[in-house]
Every structure is written in structure tokens, then in C-alpha cells.
Amino acid sequence: EIHIKEPIEKEVNPRLLPGELLLCEANTVYKYIQEDGSNRGTYGKLICTNFKISFLDEDSTSDDNEPQFKNKIIGENDITLQCVDQIYGVYDEKKKLLTGQLRKYPEKLIIYCKDLRVFHFCLRYTKEEEVKRIVSGIVHHSQTPKLLKRLFLFSYASAAPNNTDGINQTVMFDTLEDWHAELERTKGNVKYKAVVTNEGYRVSEKLPLYFVVPICVSEESILKFQGRGIPIWCWSCHNGAALLKMSAFPKEQDDNTSQMQKAFLDGIYRTISNPPYELLKTEDLSSSLPSLQDIQTAYTRFKQLFLIDNSTDFWATDVKWFSLLESTNWLEIIRRFLKKAIEVAECLERQHSNVLLIEESATDLCCVISSLVQVMMDSYSRTKSGFQSLIQKEWVTGGHSFLDRCNHLHKNDKEEAPVFLLLLNCVWQLVQQYPPAFEFTETYLTVLSDSLYVPIFSTFFFNSQHQKDTNTTGESLKTQSGPFRFLTVWDWSVQFEPKAQALLSNPLYTEKPKPDKSQRKTTRFKHQRQFSLPLTQTKSSPKRGFFREETDHLIKNLLGKRIGKFIINSSDEPHNSFREFYDSWHSKPVDYHGLLLPSIDGPEIKVWAQRYLRWIPEAQLPGGGTIATAAKILDLMEEVQSLQVKMDEEHSQAISQDVQSVPVLRSSARLSSLFPFALLQRQSIKPALPTSTWKDLEDEDDLVKRDDEFVDLSGDMS
């Protein structure tokens with residue numbers, strides 16, 4: 001039975017960003033705490049603006065009990081319009097997908113988000129007119145096709161102040177100097193040149209203004225087929241071998257055109273296969289990797305495992321968890337992309353040959369593989385600024401269609417595919433296998449994936465540099481004219497205070513100048529689920545029994561699928577060559593600033609628990625997970641720092657500037673394993689036992705009725 005509180009005395013006003021307009025609102029909306037199946041919840045106001053859907057209750061106005069990791073733009077009860085995945089209405093206990101015009105309005109509203117949050121709102125006590133306005137408003141503004149200029153990105157850019165506090169060290173690759181500097185950094189300037197042929201976008205609107213090609217390629221060749229058939233430089237290895245990409249010619253052409261294109265390609269191949277260039281290997285990614293449709297289908301199935309309505313649903317899937325996970329094929333796709341990147345790395349590193357990645361547009365699968373190869377082979381790409389510069393180079397200026405692939409405008413569902421999210425999933429595998437090699441944490445990757453849906457940054461809201469440039473001119477509220485000043489997502493001060501930003505950096509990152517003598521033969525922890533900050537020991541042995549301790553675990557095992565053989569045979573190289581390279585590398589100690597190869601056998605490919613499980617209370621281990629280990633290490637580091645300061649003072653060498661502090665995680669025994677995202681106030685009423693054990697205990701009334709102990713963390717996380 002729902003206990004109806006008295007109407008809220010004080011008016012709760014929404015916090016609106018510059019350019020944000022309130023479009024519709026409804027009072028006396030009841031928000032359920034959905035996971036426990038009860039009717040517990042809170043009353044408040046549901047609003048829809050041109051930026052977000054937001055639920056406001058009495059707590060919205062107070063700054064008490066604010067989480068340590070607070071986003072300044074998106075609150076706990078805020079959903080940006082781009083983050084809405086699907087909206088369901090509940091009519092007489094039946095769920096129905098809501099799209100377009102509605103004839104009848106639901107008594108409950110369920111909003112599924114792309115960051116995997118699920119919101120349940122009861123509209124039974126709301127005035128009928130307000131229900132009509134808020135439901136139709138939310139459905140219209142979040143689900144119907146819109147024009148690019150209608151995105152909140154433009155409203156915010158025209159109204160917001162232009163200056164931000166952040167210092168951006170990311171190379172944006174929008175000037176010729178940036179490309180010259182990258183060529184110099186990778187020693188690629190001997191055989192490759194940055195060209196200005198596309199200034200004014202006279203070659204192609206899909207290509208960036210500036211890009212790099214082999215020195216022997218003429219301007220005439222670049223112009224001939226609008227940039228198609230031209231090898232474009234991505235990166236050069238220390239031994240001189242280079243990673244290139246090419247936009248392929250369309251397959252269905254008339255014979256005459258096809259012959260011309262073949263002759264053109266033969267000429268290009270001949271030119272770049274001669275000295276001083278290395279032997280060239282081509283890799284047609286369209287035929288050797290899953291298609292965009294395959295990726296979209298797999299991810300759609302995969303995310304359904306985590307969009308949980310309530311605790312009952314969670315436990316119902318527990319029995320068949322492994323078969324459900326395997327049937328999605330998502331982990332297999334991650335494995336195949338990592339394996340392809342290892343194959344490319346072998347060609348560059350061991351065979352000293354150039355690798356040319358070929359794809360029809362060279363802006364999807366090419367982006368994933370070229371980025372992964374650079375993360376694996378170039379330690380600069382494993383620093384925060386280096387990784388951000390890599391995303392700028394390969395994805396943003398490289399012409400990845402973020403607008404279409406994320407379906408931000410709801411124009412064409414067939415174009416949607418989580419390609420960038422796939423890259424982040426692959427990079428996460430490396431981060432959790434080799435934590436000391438990365439300057440950033442898994443929390444950084446999770447926050448970056450969330451930023452895909454925050455339309456105040458231009459980074460992920462255009463299909464190409466040309467589209468951004470042509471839409472930059474516009475009317476500004478401040479100056480009445482002039483170009484829009486878009487924010488970049490790489491300025492983290494826009495979203496987070498310095499204390500929260502500290503959680504994006506890995507305090508255990510090993511600096512390059514210091515030689516790393518740690519060997520793989522370090523003490524190994526027992527088989528654990530990977531939940532939070534990636535500060536665990538390195539690689540676990542594939543020889544350990546994967547299912548041996550399964551029954552001892554208290555929650556779902558997320559460490560991957562059954563041990564399986566490699567199933568890709570697309571490479572021209574014999575399988576044995578790859579296996580030899582892979583096994584040889586894995587038999588040696590890890591150089592955290594050298595080549596890094598991910599382990600891809602069987603259960604080594606894991607579910608990114610922090611991203612996919614952070615909103616599910618049953619998946620939390622209070623005081624458990626890797627966060628407990630991380631907290632102990634951070635406490636020790638803080639102690640070492642303070643001792644260092646005391647020693648310096650005693651020797652009269654006190655440093656003028658502050659020592660960079662590490663984020664302190666007090667009372668690790670009471671932190672959630674999904675820190676810093678998990679909301680510990682939402683406790684599950686079912687004990688987190690394996691389903692078989694739970695069923696045996698269901699008759700025990702005293703256990704079923706007893707609520708989990710509530711631990712208040714607010715005092716400890718200040």
C-alpha cells in the first residue's frame with residue numbers, strides 16, 4: 001500500500017543550464033525504487049526541458065549527502081534526451097512501447113536509458129492534463145526525428161559563457177601543425193607528408209581538412225576519386241613500419257569504371273611497395289570482421305541483460321546467466337576485434353611490414369582497429385592526453401559518423417551501431433589486464449561512455465569535421481553574431497570538480513622514466529570478479545579452473561564465457577604464426593611502456609562490470625571487489641607521501657608546491673565494489689545468494705522478511 005505524503009510545502013525549482021528551457025512539467029509524480037518490487041519511493045515533480053528529463057523531489061534542493069563523485073551537469077535523477085533508449089507505458093499491468101502520438105495515457109512510465117539506468121514513475125496521482133502534457137512531451141522530445149540545429153548543443157553554445165577553467169592538453173588535429181608534430185613524434189616524417197589538398201573540402205566532405213599520405217602520392221591522385229583509393233597514414237611504428245587506412249571503391253560499378261579504379265589502385269600499390277617503403281600487407285576489414293549490423297544486434301541483446309526492472313527479474317535470469325551471456329555474442333565480437341588488432345601488431349612489430357586497413361568508408365571498423373593497435377603499441381596512447389588525442393585523430397577528425405551511429409537525431413535506426421562503445425569495451429579489457437600501463441582508470445572509460453549522450457560537447461555530435469565547420473556559424477545571444485563556441489568533452493572540469501577528477505587518474509600508473517622491474521610472477525589473488533577501480537594484479541593464469549569456485553560466489557559471475565578456441569581465419573598469415581607471436585609475448589615479463597598484447601583466451605574476455613552493473617544493487621559487494629584492494633594501496637601511498645614531506649622538511653628541502661594528493665577512499669570495508677557509481681541507499685531485500693541456494697531458503701520466512709542492513713556512507717565519503 002502506498003503511503004501518500006502531504007504535498008511538498010516548498011516549491012522545488014529545477015537547475016537550468018544556460019540556453020535550457022522548461023517545456024512541460026507534472027506534479028505529484030511518484031518515483032519508485034524499482035529494484036525491490038515494493039511500492040516504496042518518493043513524490044516529486046517530473047519535468048522535461050530541451051536538454052533533459054528530470055525528477056525533482058525535496059532532496060533535489062539540498063546539498064547534503066552529495067556523492068563524492070558528482071557530475072556537475074547531470075544529476076542522479078536527470079536523463080539527457082539523447083540518453084533515453086526506450087519509453088514504456090504500463091496499462092493495466094501490461095507494458096507497451098510508447099512512440100509517436102498517443103491515444104491513451106499510461107498510469108506508469110518506465111524509461112530505459114542508454115547508460116543502463118531504469119526509471120519507474122507512477123502517474124496515478126497526477127492530474128490528467130499534466131499526465132498528457134508530460135508523457136507526450138517526453139516521447140516527442142526524446143523519440144521523434146529532429147533537425148541538427150535543434151540539438152541542445154547549439155542552444156548551450158549560444159548562451160553559455162565562452163571561458164572554461166580547464167587546460168586542454170589534448171591535440172585536436174584540426175591544424176596542419178598538429179599533424180606535423182605527430183609525424184615528428186612517431187618519426188614518420190621521412191616517408192609521409194601532411195597535405196592541404198582538402199582545404200575548402202574540395203576533395204571530400206568526409207575527409208578532414210588536413211591528413212597525411214605517403215610522400216610519393218601526388219595531389220592529382222588524391223583528387224581523382226574524391227580521396228578513395230588513397231592510403232592515409234594513421235601511425236608509424238618505432239621500426240619504420242606504418243599503419244595506413246584506405247576508403248575502398250564501391251563494389252557495384254560498371255566494368256569501365258571498375259577497370260579504371262583497378263588500374264589506379266595497382267599504380268598506388270606499386271608506388272608504396274617500393275623502397276623506402278616496407279612490404280605492404282592489406283587487410284579488408286569488411287570481410288574479416290563482424291558487420292555494423294552484427295555489432296548492433298549483439299549489443300542490443302547484451303544490454304537487455306542489464307536493463308533490469310526489479311529484483312525478481314534479476315534473480316530469474318541468474319540460473320541461465322552464462323547461456324544468456326554467450327547467446328548475445330557481444331564478448332565474442334570484442335575477442336575478434338582484439339585478435340585482429342594483435343594480428344596487425346604482429347605484422348608491424350615482427351614482420352616490419354606496412355599494414356593497409358581497407359573498409360568502404362574507413363570510418364568505422366578502421367577506427368576501432370587503428371586505435372587498438374596504437375593503444376597496444378604506443379605507450380603515449382595509454383596516457384590520458386595521448387588517448388584523448390588518439391580519439392581526436394582517428395574518430396573525431398577521422399570522420400566517424402557519431403551523429404548517425406549514436407542515432408542522436410532519431411533519423412535512421414538502420415545506421416545505428418555502438419562502434420565507439422565497442423572500442424571502449426576493448427580498451428577496458430587491456431586496462432583491467434594491465435592496470436599499471438594506463439594513466440587513466442576504468443572510471444574514466446565509464447564516464448567517457450556516458451559523455452556520448454551529453455549534448456553540451458561537440459566531440460560526439462557531428463558526423464565529420466566538415467559538418468561541424470559548416471554548422472559552427474550562427475547567432476549568439478551574447479554577441480548577436482559570430483561562430484558558436486562549442487565545448488570539448490576533454491575539458492573534464494565542466495563535468496567534475498577536482499576531487500572527482502582524481503578518480504579518473506590511476507595512482508598506480510608507472511611513469512615511463514622509471515624502469516619497471518615487476519615480473520608477472522607476482523602473488524596472484526584468488527579468482528575475483530572485476531568490478532571497480534582497475535587496480536588488481538596483472539593477468540591471471542588461463543590454466544586455473546574457471547568454474548572451480550563458482551558456488552562460493554554470492555553474485556553473478558561476470559568473468560566471461562566458456563573457454564573457447566579462436567574462430568577467426570580471415571588473416572592471410574597462417575594461424576601458427578599468430579599463435580607463436582601471441583604465446584611468445586605472453587611467456588615474457590610485461591614491459592608496461594612497450595608492446596601490450598591482451599589475453600584473449602576463454603574467460604580472459606570479461607564483462608565491463610562497472611559500466612553495466614553499477615545501477616543494480618544485487619551486483620554490489622559491500623566492502624568487496626577490487627575497490628577494497630585499491631583503498632588499501634591508496635592509504636599506503638598517502639602515508640608514503642606524508643613521510644616524504646616530513647623527510648624533505650627535516651632536510652630543509654621543503655617543496656613550495658603541494659604534493660599531488662591521491663584520492664583517499666576511507667572505510668573501504670563499507671564501500672561498494674561498484675564505487676564510485678553505486679547508490680548504496682538502494683539495498684536489495686533478497687540476500688545475494690546463488691539462485692539454487694536462494695530457492696532452498698525461500699520457505700524460511702524470517703530470512704525473507706528481514707531487510708538487508710542499511711549502511712550510511714554519507715559521513716565517510718566526505
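Predicted model: local features only at pLDDT ≥ 70, side-chain atom pairs only at ≥ 80, totals over all residues.
**Reading helices and rings**

Q: How are F578 and Y582 placed in helix α18?
A: An α-helix has 3.6 residues a turn, so residues three or four places apart point the same way. Here, F578 and Y582 sit four residues apart in α18 (residues 575-586), so about one helical turn separates them.

Q: What describes two packed helices?
A: You want the angle between their axes and the distance between the axes. Take α7 (residues 292-304) and α10 (residues 330-349): the angle is about 135 degrees, and the axes are 8 Å apart. That makes α7 oblique to α10. The contact of α7 with α10 has seven nonpolar residues, one charged and no polar ones.

Q: Which residues meet there?
A: On the α7 side, D294, I295, A298, Y299 and F302; on the α10 side, W330, I333 and F337.

Q: And what describes a pair of aromatic rings?
A: The distance of the centres and the angle of the planes. There are 45 aromatic pairs in the structure. For F387 and F440, the centres are 4.9 Å apart and the planes at 40 degrees, so the pair is tilted. F387 lies in α12 and F440 in the loop between α14 and α15, so the pair ties together parts 53 residues apart in sequence. Both F387 and F440 are buried. F578 and Y582, by contrast, are stacked, with 5.8 Å centre to centre and 20 degrees between planes.

Conventions:
Residues numbered from 1 in each chain as written. Heavy atoms only, no water. Axes fitted to C-alpha atoms, helices over the stretch in contact; angles between N-to-C directions. Helix = DSSP H or I, 4+ residues; strand = E, 2+ residues; numbered from the N terminus. Parallel < 35°, antiparallel > 145°, perpendicular 65-115°, else oblique. Contact = heavy atoms within 4.5 Å. Nonpolar A, V, L, I, M, F, W, Y, C, P; charged D, E, K, R; others polar. Phe/Tyr/Trp six-rings, centres within 6.5 Å; stacked < 30°, edge-to-face > 60°. Buried < 20%, exposed > 50% of the residue type's maximum accessible area, 1.4 Å probe, protein only.
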